[in-house]
Amino acid sequence: MKSFFLTPFALFFIVLSFISPSWAVSTKTHEAFLQCLLNNSLTTNYSISNLIYTPINSSFYSVLNFSIQNLRFSRKQTPKPLAIITPSHVSHIQATILCSKSHALQIRIRSGGHDFEGLSYVSDVPFIIVDLINLRSITIDVENENAWVQSGATLGEFYYRIGEKSQTLAFPAGSCPTVGIGGHLSGGGFGWLMRKYGLAADNVIDASFVDANGKVYDRESMGDDLFWAIRGGGGGSFGIIVAWKVKLVRVPATVTICGSQRSLEEEDTIKLIHKWQYITNKLDKNLLLGISLTGGNSTQESGKINPTALFSSFFLGKVNELMPILNTNFPELNLSKEECSEMSWIKTVLTMAGFPNQEPFEVLLNRTPPFGLSTKIKSDYIKKPMSEAAFKTMLKRLKAQDIEVAQIMFIPYGGRMSEISESEIPFPHRAGNIYKLGYYVKWKDQSIDAEKRHLNWIRDIYDYMTPFVSKSPRATYCNYRDLDIGMNNKYGKATYSHARVWGFKYFGKNFDRLVHLKTKIDPNDFFRNEQSIPALKNIKYSAI
């Protein structure tokens with residue numbers, strides 16, 4: 001992608017072409033900010049001039065849109081940044097922070113662009129994007145079973161590099177290969193290995209971090225408190241994590257995955273889901289048995305909506321080891337060997353991501369999703385089994401004729417997730433949770449009516465689920481960003497009482513400690529967004 005050197009004429013034209021009706025900033029501020037970047041880069045051996053994209057540049061919109069994973073935030077009226085900085089060296093990040101700070105511009109940090117509310121690339125106030133796409137180097141140390149991975153790398157790129165080096169090492173993170181490492185680890189990061197090895201953030205052992213003053217830290221220099229906060233405390237609150245050192249985990253050369261799809265019209269399917277609740281978090285930790293319900297008109301057959309339930313198993317071992325476990329604990333599923341496949345861990349990454357069997361491993365290096373959709377997501381935690389009647393009502397909602405794709409994911413807990421303390425890292429959802437629910441709605445139609453219809457659907461089912469889910473707080477997963485549960489104001493500023501509304505849902509009692517640490521590391525609240533941890537002074541923290 002071609003960039004350019006910023007001449008005084010270019011600086012002036014950029015400003016004239018970029019004044020937005022949603023906010024206006026002075027010409028002098030724009031010009032001074034861009035010149036500040038150039039001046040700062042002159043003091044290093046790493047020029048930044050060809051890493052700056054503004055609306056005058058022909059590549060600006062392709063760079064902006066390349067990592068927008070949710071089409072809800074790619075409309076013409078969506079606020080656009082003054083500039084996109086694509087750093088290739090930590091000095092570029094330092095310069096961007098210092099210049100943004102001195103010219104009162106907000107920073108949005110993007111690694112993969114999967115923030116479900118678009119907060120990594122959208123703001124209602126003057127802002128720039130730090131897009132980490134050029135910072136995606138990966139170093140695998142097979143002998144010591146660890147790796148350094150920069151925040152701009154995707155999960156797919158990381159998995160591919162692990163698979164190049166070893167067939168018996170893996171990393172416990174998510175199944176979507178285009179998700180960026182930076183945001184994923186910042187919020188926790190769960191995947192098929194979570195019951196054996198916990199979250200991605202549970203396996204971080206070092207990091208390279210830049211604070212609001214442009215100072216660079218590693219684990220030793222940042223101290224235990226800040227290192228605790230960045231592993232699951234949410235992205236965009238404390239600074240910019242340039243790279244992570246993570247622990248790789250051992251997996252057998254052969255693992256087994258199974259899929260058994262049932263129609264939700266069958267009475268036995270509801271009974272299976274109901275029974276699943278009583279065994280799923282007690283199974284061998286080498287096994288994760290989840291459920292995905294899919295409805296909407298994407299499941300239409302012969303003019304009738306036919307929602308389905310897919311029971312998916314991931315087992316660290318061979319099928320002959322798996323079958324006795326399921327036959328003993330969940331015979332009602334009646335899973336057959338023919339519904340299972342044995343393969344390497346890296347091959348499961350492709351399969352679980354939905355790629356056809358013939359796809360080469362190199363597809364994991366593709367950073368763009370195969371199709372663009374608008375999306376909204378919500379989540380809940382279940383501590384007590386739901387009734388069959390509740391599931392039947394859920395089924396009725398999945399039959400909505402005017403919804404394109406509606407999904408509800410059942411993600412089991414237990415195993416290693418129950419062994420780790422709720423205060424070990426900021427992610428608090430541990431022992432006591434049977435499973436997590438993820439509600440997804442997706443649509444192609446970009447009309448306002450379609451968006452309203454799909455948003456209403458997911459908000460309605462979320463309201464319906466209120467009696468069955470966790471309470472005080474109604475817990476939710478930080479990486480399933482949901483501004484419906486509360487937010488700071490459009491400037492990212494918040495009172496403690498306002499921030500606590502959403503903060504306790506994401507972090508529980510750990511929220512107070514996060515606020516304390518934010519106030520210590522970034523007292524002027526430079527890094528902020530609609531759901532960033534606020535910096536507050538002169539306040540008592542009940543959990544400290």
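What is the torsion about the S-S bond of Cys36 and Cys99, and is the disulfide left-handed or right-handed? The torsion is about -80°, so this disulfide is left-handed. Cys36 belongs to helix H2 (residues 27–41) and Cys99 to helix H4 (residues 90–102), so the bond ties together parts that are 63 residues apart in sequence. The model is a predicted one, and in it the S to S distance of Cys36 and Cys99 is 2.0 Å. Both of these cysteines are buried.

The structure holds two disulfides. Besides the bond between Cys36 and Cys99, there is one between Cys258 and Cys340, with the sulfur atoms 2.1 Å apart. Distant parts of the chain are linked here: Cys258 sits in strand S12 (residues 255–263) and Cys340 in strand S17 (residues 340–343), 82 residues apart. The torsion about the S-S bond of Cys258 and Cys340 is about 105°, so the disulfide is right-handed. Cys258 has a relative accessible area of 6% and is therefore buried. Cys340 also counts as buried, because its relative accessibility is 11%. With bonded cysteines counted along the chain, the disulfides follow the pattern 1-2, 3-4.

As to accessibility, Cys176 is partly exposed, with a relative accessible area of 30%, whereas Cys478 is buried, with 7%.

The aromatic side chains come next. A pair of aromatic rings is described by the distance of the centres and the angle of the planes. The structure holds 24 aromatic pairs. In one of them, the rings of Tyr506 and Phe507 have centres 5.9 Å apart and planes at 65°, so the pair is edge-to-face; planes over 60 degrees apart count as such. Tyr506 and Phe507 are both buried. Elsewhere, ring pairs link Phe116, Phe190, Phe427, Tyr440, Tyr477 and Tyr480 into a cluster.

Which residues lie over the faces of Tyr462 and Phe504? Over the face of Tyr462 lies Arg474, at 3.6 Å from the ring centre. Arg500 lies over the face of Phe504, at 3.7 Å from the ring centre.

Terms used: Residues are numbered from 1 along each chain as its sequence is written. This is a predicted model: local features need pLDDT of at least 70, side-chain atom pairs count only at pLDDT 80 or more; totals for chains, interfaces and linings use all residues. Side-chain values use heavy atoms; hydrogens and water are left out. A disulfide is a pair of cysteine sulfur atoms within 2.5 Å. Helices (H or I, at least four residues) and strands (E, at least two) are DSSP runs, numbered from the N terminus. Buried means under 20% relative accessible area, exposed over 50%, partly exposed in between (1.4 Å probe, protein chains only). Rings of Phe, Tyr and Trp (its six-membered ring) pair if their centres lie within 6.5 Å; planes under 30 degrees apart count as stacked, over 60 as edge-to-face and the rest as tilted. A charge sits over a ring if NZ of Lys or CZ of Arg is within 6 Å of the ring centre and within 35 degrees of the ring normal.
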